[in-house]
Amino acid sequence: MDISRRDFMQIAAALGLVTVSNGFAQTVSGKSPANISLKDLYDFDAKGKLTLLHMCDIHAHIKPLYWREPSTLISAPNLVGTPGFLCGESFAKHYGLEPSSLDAYFDTHMDFETLAKKFGKMGGIAHMKTLIDEIKRERGDENVLFLDSGDTWQGTGVALKTAGEAIVKAQNYLGVDVMVGHWEFTYGKERVQELIGMLDAKFISQNIVGDDPFEDEYEELIFEPYTIEERGDAKIGIIGQSFPFTSTANPKEFTEGWSFGLRLDTLQEYVDELRKEHKVDCVVVLSHDGFSVDQEVARKVHGIDFILSGHTHDPSPKPITIDGTVIVIAGSHGKYIGRLDIDIKDHKVKDYEYKLIPIASNIIPADPEGVKLVDELYAPFDKELNEVLGKTKGTLYKRDTFFSTFDQLINDAIMDEMKCDLSFTPGYRWGTTVLAGDDILMDNVYEMCGITYPNVYTFELKGDRIAQLLEDIADNVFNANPLYQQGGDMSRLGGVTYDITVSAKAGERITALKIGGKAIDLKKTYIVSSWGGNLQNAGENLQEEKTRAVYDVTRDYIRRKKVVDVSNKGNVRLLDYDCGCPVKGSTSC
Amino acid sequence: MQRRSFLRGLGLITAASAVITPTMVMGAEAPAGPNALSIDDAIKAITGGKSVVASPKVHLKAPEIAENGAVVPVTVEIDSPMTDADHVKAIHIFATKNSNVRCADVMLTPMNGKAMFSSRVKLGSSQEVMALVETSTGEFLSASQNVKVTIGGCG
């Protein structure tokens, strides 16, 4: 009975028997930076026979990169300071990180530039592989399963130019066993099926169903909903949950005829089927729902042992347990591999141990095979991707709830070329970081905006529509119910300033909205440029002759400027919080 | 395959009932412009002012975030034995903020065997979708769910 298992977990947690639940996750925090060695990264209090390795949202970063975590991560008041809405100091406090440690460098924005010089770049498949091989050597190949929560095929120039193929080769090299998807689908249905054909891993999803009544697949599953794998003398049922809001978050044409959604009722059916009919020893949901949504899933669906989450890019050094379901998420951009050891006895999960392992490229040596593969994959595009477009004075970063410098640079480029009144850049959570004083390469521009629908559209929108759209976007980000959140940040605006009260009612959050320094005129028609969303569908009089790919617009602007100097002073005033990383039950840090 | 053809059949029934509705429900007390009724008036026209109780027996299934506001799948299922003595007489679906709030009215008898109806409704904006159920014992039960209709963007 899974009830007794759950009871066991709760009792164990109460007594502090489950290592990860007692407040001291295994981290490499305690060590001073100079003393951190490979051994500290490999060190693990092994449990049972089975090991699940997990990665999520690597966004096609097969090479190491710099990636600064957010300095602002604001949510509705009820969610403040909960896992999924922790950053900076509140993150460090919650997880007990030492300042200036390797973990602090990987998990927070604090002291980022200094620590970047000390610890170097993060991630990269050649470094990941060395770690994976070490774990497989320790545990035995036949006891290890490698799961990928998706957002793997998109996010870099090499991914875009090979329509995902380079990244599938990287996954095959890494030995991924099972995956789900989100941005994968932006290559279009046919290409997705082609890439799955090249992929060694299984692609599963219980929440994608045909919705075209004239197709044979009407109301039928598009992919296998789950797979049963045998590892470590146990039967593991893995159910796939792709991104539930793919068809609203990305253009519908890529997935025409497929319907997504959370589909918690069928998820419950598959959990029950795996337990009762297939008698699996452990039920895992491999998910791209997002960390806060998966906490709701754990409340609503019963009998899941582990959710390996993704989408919201949270590095979570400690798992969280909700109603007996353990949830983990492994950051983004290839910065981490999550290792989850599971002890299964009498067909039940008895115990587990988890560690979020930072892929510190200066500490974990590169596997020569991986270096060779990356070189081969990049070779055809080296000339274009390595072009130095200019230099940046300050650090260019992505993330944060309202504003980030690299997004501002893109908005500056768009406004300069399109001569618009305001510009919208989407609040994606993927991108890159370029350190102050460094060269900006074309590769960096693709890392920020390498998508299959890159056009910047310029069109007309009435003031009242702009105000309403902003409120709509704010409600997607700040809804108090995680099930109504789509998991991105606020759209970044060029030419606009506003005040926001996050805790206000939907439709009443934004005040003092100004365009070009003047209060918005609700009746006036403004010229708007936007990319990466669907805003152009709401506009009129599209200026087709201006339409151009955002990465070309940004490239040309940086080339013209030679040195870019983007102010880190945001364009949004937050009225109901005193800082960007508030702690639980508070509006300040 | 059987299931599919069954569902297709169901789809046809759906279309048919959606077409006949206005005459079916409104009856004698229907005002001149039935499509201009406010949500409160529309409910009153059905209940005749009797109270409506939100009930866990009414299972309303709709997406939290609509993939396409023009065709939002909605399923209503009611726990009912569907006997002569105790059955569901009617299922009404409302889009509470549409300019025409009334989406579908379905009349049932014990012969239906199961109190279940599935259709797609068009939603003009984010709003509550409501199912109103009339039982043979003269009770009015309901369930509501908020459905968000957004232009989209991404995270």
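Student: How many helices and strands make up the secondary structure of chain A?

Tutor: The model is a predicted one, and in it chain A comes to 18 helices and 26 strands. The radius of gyration is 23 Å, close to the 25 Å that the globule rule gives for 589 residues, so chain A is as compact as a globular protein of that length. Along the principal axes, its C-alpha atoms fill a box of roughly 70 × 60 × 50 Å.

Student: What share of the residues of chain A counts as buried, and what share of its contacts joins residues at least 24 apart?

Tutor: Of the 589 residues, 58% count as buried. As for contacts in chain A between residues at least 6 apart in sequence, 75% of them link residues at least 24 apart.

Student: Which domains does the assignment give for chain A?

Tutor: Domain 1 is made of the segments 2-13, 40-65 and 121-373, and domain 2 covers 387-574. The centres of the two domains, taken over C-alpha atoms, are separated by 31 Å. Their contact draws 24 residues from domain 1 and 16 residues from domain 2. On the domain 1 side, helix H7 (157-161) and helix H12 (291-300) of chain A each supply at least two residues, and H12(A) gives the largest share, four residues. By class, that side of domain 1 has nine nonpolar, 13 polar and two charged residues.

Student: Which residues touch the most other members of the largest nonpolar core?

Tutor: This core has 211 residues, and those touching the most other members are Ile238(A), Cys282(A), Val284(A), Ile337(A), Ile91(B), Ile93(B) and Ala131(B). Helix H17 (residues 463-478) of chain A contributes the largest share, seven residues. Both domain 1 and domain 2 of chain A give residues to the core, so it lies between them. To see the surroundings of one such member, take Ile238(A): beyond its neighbours within four places in sequence, its contacts include Leu147(A), Val178(A), Ile204(A), Tyr226(A), Val284(A) and Leu286(A).

Student: How should the length of H17(A) be judged, and what do its buried residues pack against?

Tutor: One compares the expected span with the distance between the ends. At 1.5 Å a residue, the 16 residues of H17(A) should span 22 Å, and its end C-alpha atoms are 22 Å apart, which agrees. Among the buried residues of this helix are Ile466(A), Leu469(A), Leu470(A), Ile473(A), Val477(A) and Phe478(A), together with Asp472(A) and Asp475(A). The buried residues of H17(A) pack against strand E18 (455-462), strand E20 (496-500), strand E21 (510-515) and strand E23 (525-530) of chain A.

Student: How many residues does each chain bring to the contact between chain A and chain B?

Tutor: In general, the size of an interface is often given as the accessible area lost when the parts come together. Here the count is of residues: 33 from chain A and 14 from chain B. Helix H10 (246-249) and H17 of chain A each supply at least two residues of the chain A side, with the largest share, four residues, coming from H17(A). The chain A side divides into 14 nonpolar, 15 polar and four charged residues.

Student: Is helix H3 of chain A largely enclosed or largely open, and why?

Tutor: Six of the eight residues of H3(A) (residues 88-95) are buried, so this helix is largely enclosed by the rest of the structure. The buried residues are Gly88(A), Glu89(A), Ser90(A), Phe91(A), Ala92(A) and Tyr95(A), and they pack against helix H4 (102-107) of chain A. After H3(A) comes Gly96(A), whose phi is positive, near 65°.

Student: Which residues other than glycine have a positive phi?

Tutor: Ala163(A) has a positive phi of about 50° and sits in the loop between H7 and helix H8 (165-174) of chain A. Asp323(A) has a positive phi near 45°, and its loop lies between strand E11 (320-322) and E12 of chain A. Ala163(A) is partly exposed, with 17 other C-beta atoms within 10 Å; Asp323(A) is partly exposed, with 15.

Student: Is Gly334(A) buried or exposed?

Tutor: Gly334(A) is buried, with 31 other C-beta atoms within 10 Å. Its place is in the loop between strand E12 (325-329) and strand E13 (336-345) of chain A.

Technical notes:
Residues numbered from 1 in each chain as written. Chains lettered and ligands numbered in written order. Predicted model: local features only at pLDDT ≥ 70, side-chain atom pairs only at ≥ 80, totals over all residues. Domains from an automatic or database assignment. Contact = placed C-beta atoms within 7 Å. Nonpolar A, V, L, I, M, F, W, Y, C, P; charged D, E, K, R; others polar. Rg over C-alpha atoms; globule rule 2.2 N^0.38 Å. Buried ≥ 20, exposed ≤ 12 C-beta atoms within 10 Å, placed from the backbone. Core = buried A, V, L, I, M, F, W, Y, C linked by C-beta atoms within 7 Å. Expected span 1.5 Å × (residues − 1).
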